[in-house]
Amino acid sequence: MKLKGKVHKYGANVDTDAIIPARYLYMSEGAELAQHCMEDIDDGFIKKVKPGDIIMAETNFGCGSSREHAPLAIEAAGVSCVIARSFARIFFRNAINIGLPLLESEEAVANTETGDILEVDLATGEIRNNTRKKVFHAKPYPDFMAGLISAGGLIEYTKTRMANRRA
Amino acid sequence: MTLAEKILAAHAGKDKVSAGEFINARVDIILANDITAPIAIKEFRKLGVSKVFDPKKIVMVPDHFAPNKDIASAEQVKLMHDFCEEQGIPYFEIGQMGIEHVLLPEKGLVLPGDVVIGADSHTCTYGAVGAFATGMGSTDIAAAMATGDIWMKVPPTIKFVYHGALRKWVSGKDLILYTIGNIGVDGALYAAMEFTGEAIESLCMDSRFTMANMAIEAGAKAGIFRVDNKTQLYTKSRAKRPYLVYESDNGGSYANVIEYDVAKIEPQVALPSSPANARPVSEVANKNIRIDQVIIGSCTNGRLDDLKIAAAMLKGHKVHSGTRCIILPGSQQVYLDALLGGLIEIFIRAGAAVSTPTCGPCLGGHMGVLAADEVCISTTNRNFVGRMGSPKSQLYLASPATAAASAVMGRIASPDEIAAEGGVCR
């Protein structure tokens, strides 16, 4: 799958309270949560984000709580993928499980700024910065995780596992 | 193998596992709360199975917004309650409940050698009893509720060795804040932190829970302690099922070993807005930082020994007139023990408010949310922007001793500034 969008770039250690503040966790629908996505560190994000846009960050994106509301809010805000130097581990699992694509690339983060237009090929991990005419490559997923992603996320993967168990 | 690897190998049905390996691990306990359970239940329904794999191995605790703060949170708790009734899952509500990570060890539901997964990042708390416990999201919990197992990447283990004797008023909270300050909020990313050394052996169980609890604040997958006599004493009377005790092999396969001399560590305060902004209390107390609020409680510091330390500081003193001090016992049992031990009377006479157990203010939910420009010192685990309310509020993290001393002074203060008897449990 190919994605294309404008970059919204953030710093290191963007925590889940910044992605979706806990005061909104009485809701669990993505569309409702998206209205408050990033509001404590980037008020107005939801007004400027367009379908297909890309969130980019430095290290340890998504640190803090285990709330799946964080990737749900990002996905429902229309963001097509998140690119960072590294991700916090629970956020990483949650995003893969629900089907929000994440890419790790030091060089893409080092050579991209807010407002740049990127094209991402999820099959090959190629990240093309159209604004700066540069091409980068994301770190490939381990085989096990690639299988989980191609199965369509954890729920579909588990359905297949359980069907095989019964068979 | 390290302690963490031994537990994971046993739960994956393997003789040996090593860091980086993908395994399927059998789980002993699965946990969810009022924020994460609603999504987990919704995802579970998509799996097309009618029953969870074993209701006795699942625990649900509404604690974040409970007692329900509004209609929307009441609906979430009701959904959770209905699911537990339908499936026969143990469910702990107001009156029976506690903050999940205080309640589960206290009830003997998590034991040494267990693999525990919880839809709450502070699930790592149970490493204090020698379990491999880690936080995950709702969809992971949904899948595990159906299958009884979970995929995991075996984490590398970083060994932390704490040498020497602890200074007065230095508790597990100070050691873990110091450690996170030293290695950073991603200093143990994806790793298991194993806490060892004679200073760790001297810590009481409640201080060990505090340290394991905050392993996630360094990005860790788990924080874990060796089972010793203190652990055995704690778990033996509580356990209702047999358990196995695992030990790291001599030499272990550690990714790194980090050593500290605790004689050099004084009580710590983490400045806004990162747990890694830890500074010695003497440095922070000199800055005359006026505070509007003090919170003593949470899954980090809401246990009996935490309240005993707070009471030692507050006894015979008054909370400063410009400061509100809210104390939240972590469970009904902690509340009762604090009541019988005379602690609640000390708190109320000092002018503190005492709340029913809840996570409440820690995540800016209720029972002590901050206004813009308000300043709070809290025994909780995160001081991110907006964590306790307004994104313009300021949040400092510290131990119960430092928080209670600050409540008396109305500014961030060192425990040494208060005439107090007693000390930190050892």
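1. The model is a predicted one.

2. Chain A has 167 residues, for which a compact globule would have a radius of gyration near 15 Å; the chain's 16 Å agrees with that. Along the principal axes, its C-alpha atoms fill a box of roughly 50 × 40 × 25 Å. Buried residues make up 57% of the chain. Eight helices and seven strands form the secondary structure of chain A.

3. Five cavities of 30 Å³ or more are present in the structure.

4. The largest cavity lies between domain 1 (3-260) and domain 2 (269-417) of chain B, because both domains give residues to its lining. Two helices of chain B, α4 (100-106) and α11 (298-301), each supply at least two of the lining residues. By type, the lining of the largest cavity has ten polar, seven nonpolar and five charged residues.

5. The second largest cavity contains about 60 Å³ of space. Residues of chain A and chain B line this cavity: among them are A:Asn60, A:Cys63, A:Arg89 and A:Phe91, together with B:Leu189, B:Ile216 and B:Gly219. The lining of the second largest cavity divides into six nonpolar residues, five polar and one charged.

Methods: Residues numbered from 1 in each chain as written. Chains lettered and ligands numbered in written order. Predicted model: local features only at pLDDT ≥ 70, side-chain atom pairs only at ≥ 80, totals over all residues. Heavy atoms only, no water. 1 Å grid on protein atoms, 1.4 Å probe; cavity = no way out; pocket = protein on both sides within 12 Å on 5 of 7 lines; lining within 4 Å. Points joined across faces, edges and corners; volume = space filled by probe spheres on them. Helix = DSSP H or I, 4+ residues; strand = E, 2+ residues; numbered from the N terminus. Nonpolar A, V, L, I, M, F, W, Y, C, P; charged D, E, K, R; others polar. Domains from an automatic or database assignment. Rg over C-alpha atoms; globule rule 2.2 N^0.38 Å. Buried < 20%, exposed > 50% of the residue type's maximum accessible area, 1.4 Å probe, protein only.
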